[in-house]
Amino acid sequence: MSINRRQFMQGAFAAGVAGTAGMLGAGKAFSAVHNPVGEAQAELFGKFKGNIVLLPSKYGGYVQAMDLSVPETLAWYNYGLHGIDMPIPHHIAAMPSADPYKGFDFYQTMQPPASPYVNENSPEWRNRGDFKMFKMRYDGSGKQNSISVVNDIGVTTGMSLGVHVSIGVGENANKYVAFADGQKDMVLITDISDNPKIVKAFRADYDPIARQLNISHVFPDATTGKFDYVGRKGMKTTHEAMLGEELMPADPTAVFVDAFTWHPTLPFGAILIRRLGCCAIVDTRTWEVVALLSTAKGSPDNFPMVKQTGFTWTFAVPSVLTPLHEAGFITSGEYFVACNNVLQNNIAVYRSTDENPNKWKKETFVEGFGTKYLPLHMGNVPDSRFVYFTMWARKPNNGYICKVDTKTWQVVAKWDTGPDPHTCDCTVDGKYMTTVYSGHQAGQSGLVVINVATDKIEARLPCPGGMHDHVVVPESWEGMKVSRSTSV
Amino acid sequence: MKIRASQNRASGRIKSICTFMSLASLLALPVGTALADSKDGTFPTAEQVGGQVYIDPVAVGKKLPLDFEAYGMNGEKADLASVVQGKRSMVVFFISAVPVSVNELVKIENFTSKYGNGINVVFVNADTVGSALMGGPKAVIPNSVKTMHTIKKEQSLKTSSIFVAPNDALSADGVSTRLGIRGLPTSFVVDAKGVIEKVFVGPQNWKKGDI
């Protein structure tokens, strides 16, 4: 007997709850989760049970929560409902949930639509969209799933940042969330409450004449308790730099801060600084900057601090051999890997176990990507046996995803998943790696699922989203270590 | 933040050595080396674009290269060399996407009108604007010129000596690589023969005697 959702929803009460519930399994009679038993795709996707994937559509302006096991969109939300003209949902991170089908929270950042990619900074676009950070909530506890805004964190704190968001783990689990932005060169750390409190904020500025990097704490106004960086305030450039634009002329102080990633076991976090090819290591017990890693091949392991003046840490950066983009820790914390790109396309591998980050050394590089393929994102698996990387490419090339063996630091598999590939994130059981490609905001785009053990592509789904990020909702704080925490 | 380039670039610092080596290397690329901006999506190596991310502007005492493609406020091609020929000039490179460089234009105009002794001021937007959604590649120059008119109006600039210079930052032949521009604005003061007298990087607290 076939039964569709409409018939179920209409007949559930009339027919009797017990009989109908039996088709779905105990405890799921009233949740809007589809059981695909009997459908042609059920066997193929059933192995992904327990995985809810969040997919923010950049130029589509919405986010969707997808049940990968059906597959079906459970709920979606268009940020235009929050009053934003041309919302550009950008990066995303999900809090852990023991039962994500019932509910979970997540964080979403947003940036204005100005972009050389699409509209190349036309004045007509400069007042559209906004910088935003939202705490969002998926509620699957009722008969209609929903996504809603819990907090407009930019308004709450007075600082609006639009690039990566990452949630603290290990020593910082269940405490903090970090936001970063390369148009403002700032990082904001808040707590994870529904009315977030400011914990710490940083700003990075370069002096190209002195060849020094200054990283400072930024403090909210004493009377308001908020910053004055809402919306476009504080931006050094009108758009986030595309790959390669690190070489473009820019604000002399601009360094393109991209993300903050968390060490899974030690009390440290890394501020990723694209234009300088550096990562500033922060002690999360004191929020002091304790080291500046220089990730390029041929550069020293770190650059020296020349002085600290109050809450400003100054480092000498005499030369920058290459920009970098993303960097983060593998799940175990044993290594910190950094995607150098544009002028050097390689991945620096630091051993990151010492409690003094100034002792972290580059042990090797993953190389051989040539001059067309740029290391961009990374994705972890629970046992740290492999790390997945996105190799981005300009048109007319597609780019690809590669799998690196963490014993040999060699590429052992690669996949051309589609044009403009972006993030990787593994399923909650660690058996599959999901990855998105976004078609340069116009063409082919979708979600691909790769079997970690066999390297087979198990599934491909369409997603007209132009996603630059996605995340599988983790089940636990330990599971967060493979998610948008240690890596971006 | 005030950032001022020194007049004498021939110091013993690492950046000068890198600049010299990188400029020399541009003249002798290895055989088969692909340059960026190629249709196959190649990115440059460090050697092809000056040796590292932060390269130095063309040095004081050198002639400022102005033989790159440029368009005037009427959308027509312009010869920047002839615009500065025979006149002591201040050539200011900015980008419409960088607010600090746009805001500096009116400061420079006001400063030079008061203390510039009649110096010829030329503003050059080293970038293009508005293609993909605004009419495709053929719309690039018209849209960039339109943006220049917007900037002139919004910044209340008196000059019409504002040009668009399409720039490919990933190319050894790109404007920003050739001129060594990384911070904005970069302002070159050149003599009547086009030889660089002074270089200023970033916003300045302009005062009498600076140029």
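The model is predicted, so local features need pLDDT of at least 70 and side-chain atom pairs count only at pLDDT 80 or more, while totals for chains, interfaces and linings use all residues. Residues are numbered from 1 along each chain as its sequence is written, and chains are lettered from A, with ligands numbered from 1, in the order in which they are written.

Confidence is a friendly place to start. The pLDDT, the predictor's confidence in each residue on a scale from 0 to 100, averages 92 in chain A, and 92% of the residues score at least 70. Residues 1–30 of chain A have a pLDDT below 50, and this stretch has 19 contacts in the model beyond near neighbours in sequence; a contact requires the C-beta atoms of two residues, placed from the backbone, to lie within 7 Å. Where pLDDT is low, the predicted coordinates should not be read in detail.

Chain A contains four helices and 32 strands; these are DSSP runs numbered from the N terminus, helices being H or I with at least four residues and strands E with at least two. Along the principal axes, the C-alpha atoms of chain A fill a box of roughly 75 × 55 × 45 Å. Of the 488 residues in chain A, 57% are buried. Here buried means 20 or more other C-beta atoms within 10 Å of the residue's own, exposed means 12 or fewer, and partly exposed lies in between, with C-beta atoms placed from the backbone. Among contacts in chain A with a separation of 6 or more, 54% link residues 24 or more positions apart.

One open sheet in chain A has four strands in the order E4-E5-E6-E7, with antiparallel pairing; strands pair if DSSP finds at least two bridges between them. Strands E4 (89–94) and E7 (146–152) of chain A stand at the edges with a single partner strand each, so one side of each lacks a neighbour in the sheet. From one strand to the next the twist averages 30 degrees. Six bridges join E6(A), residues 132–139, to E7(A), and A:Met136 stands opposite A:Val149 in E7(A).

A hairpin is formed by E28(A) and E29(A), with five residues between them, and A:Gly430 in the turn has a positive phi of about 75 degrees. Four bridges pair E28(A) with E29(A), residues 432–437, in the antiparallel sense. A:Pro421 stands opposite A:Tyr437 in E29(A). Strand E28 (residues 421–426) of chain A is mostly covered, with six of its six residues buried.

The contact between the chains takes 41 residues from chain A and 46 residues from chain B. By class, the side of chain B that touches chain A has 28 nonpolar, 15 polar and three charged residues; Ala, Val, Leu, Ile, Met, Phe, Trp, Tyr, Cys and Pro count as nonpolar, Asp, Glu, Lys and Arg as charged, and the others, Gly among them, as polar.

Two residues complete the picture. A:Val155 is found in helix H4 (residues 153–157) of chain A and is partly exposed, with 14 other C-beta atoms within 10 Å. A:Asp205, in strand E11 (residues 198–207) of chain A, is also partly exposed, with 18 C-beta neighbours inside 10 Å.

Definitions and conventions. Axes are lines fitted to C-alpha atoms, for helices over the stretch in contact, and angles run from 0 to 180 degrees between N-to-C directions.
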